[in-house]
Every structure is written in structure tokens, then in C-alpha cells.
Amino acid sequence: MLVGSASQRRHLLLTSRGQLSEYSLLSTSELYVQMAILVKLCCYVSPAEELAQKDDLQLLFSAITSWCPPYNLPWRKSAGEVLMTISRHGLSLNVVKYIHEKECLATCVQNMQQSNDLSPLEIVEMFAGLSCFLKDSSDVSQTLLDDFRICQGYVFLSDLLLR
């Protein structure tokens, strides 16, 4: 059911409890503005640590390696930009510890391995982003590189390159 103006497309949906809730679908320009703000914020350590404390950082890792319909690709790209900003400017030992404990890299590798809907190009783009994150994280700690090795990320990468 559409409610509101076209610029504020709002939809009603049933939540898991059967209650009606309202949410907004962001236009592409609204998405870019919000993500630009989030990217700017993530140039500092405290927003990255807050994403970890609120358990939202794990969602970004899942978003960058999950299949999505073409109209949601800007969301995946934006999540990747936020993670790249965190890896360059906002990565602390607490954030690395969170990523390690939540097994975010294992989730990424598993998502890429198990999705039959991802094109080879999409998987390569995902690996490129993940590789940059790992490279940047190595300045803070070797933990995430070890996690990537333990979850067979290097094996999957070599298999992908040999296809």
C-alpha cells in the first residue's frame, strides 16, 4: 500500500509479530547522500566501534558478499565503501576483535562459495574489496589475515582464479 508523496515512497508491511510498520524506500540520490555522510563519519575510530557495539558491522560484511537484485547493487557498493573507509581510517583493535569474534570473514567466504547466483565478475569485485580490507587491517593486526586463511579464503581464491 503506497502512502505519501512519490518523493517519500512509503510502504506498509506486516512485521513478524503481525503488526503494521512503516519504512521508507530511499531513492538513489538519498542513498548516496546518506552513504556519503556515513563514509565521512567512518573516517574516525568511534563510529566504527559503535557499529561493532551495536552489532551492525557484521551486516556490512554480509552485504558486500551476498547476492542482491540489480536494483540493490548501489547498497552493496555503498556497504563496500563504508568498509573500505573503516579499514583505512577507523580500524581499531576493538573493531578487529569484533570482526574476528563474529567470524565476518568466514561469512564472506561462505557467501561467495555458496551463491550460485553471483557472476564471476561479482565474485572478483567482492574479493577485491575484501583484499583491500585485509591489506589495511594488517597494519593493525594479523588476526584477520589468519582468519581468512583458517576459513579457506586463499584456497577459494586460487580455485576461482584457476576456473
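**Close-ups of a predicted model**

View 1. Val33, Ile37 and Leu41 make a nonpolar surface patch of about 270 Å². To join a patch, residues need over 30% relative accessible area and no salt bridge, and nonpolar side chains are linked within 5 Å. Areas here come from the Shrake-Rupley method with a 1.4 Å probe, and a salt bridge is a Lys or Arg side-chain nitrogen within 4 Å of an Asp or Glu carboxyl oxygen. Val33 sits in helix H1 (residues 28-41); helices are DSSP runs (H or I, at least four residues) numbered from the N terminus.

This is a predicted model, where local features need pLDDT of at least 70 and side-chain atom pairs count only at pLDDT 80 or more, while totals for chains, interfaces and linings use all residues. Residues are numbered from 1 along each chain, and side-chain values use heavy atoms, leaving out hydrogens and water.

**View 2. One side of helix H2.** Which residues of H2 (residues 45-53) are buried? They are Pro47, Ala48, Leu51 and Ala52 (buried is under 20% relative accessible area, exposed over 50%). These four lie on the same side of H2, because they cover an arc of only 145 degrees around the axis, taken from the directions from the helix axis to the C-beta atoms. Ser46 and Gln53 are exposed on the face turned away.

**View 3. Around H2.** The buried residues of H2 pack against H1, helix H3 (57-64), helix H4 (73-90) and helix H5 (93-101), with contact meaning heavy atoms within 4.5 Å. Just after H2, Asp55 has a positive phi of about 65 degrees.

Definitions and conventions: Patches are made of residues with over 30% relative accessible area and no salt bridge: like charges are joined within 9 Å, nonpolar side chains (Val, Leu, Ile, Met, Phe, Trp, Tyr) within 5 Å. Helices (H or I, at least four residues) and strands (E, at least two) are DSSP runs, numbered from the N terminus. Buried means under 20% relative accessible area, exposed over 50%, partly exposed in between (1.4 Å probe, protein chains only).
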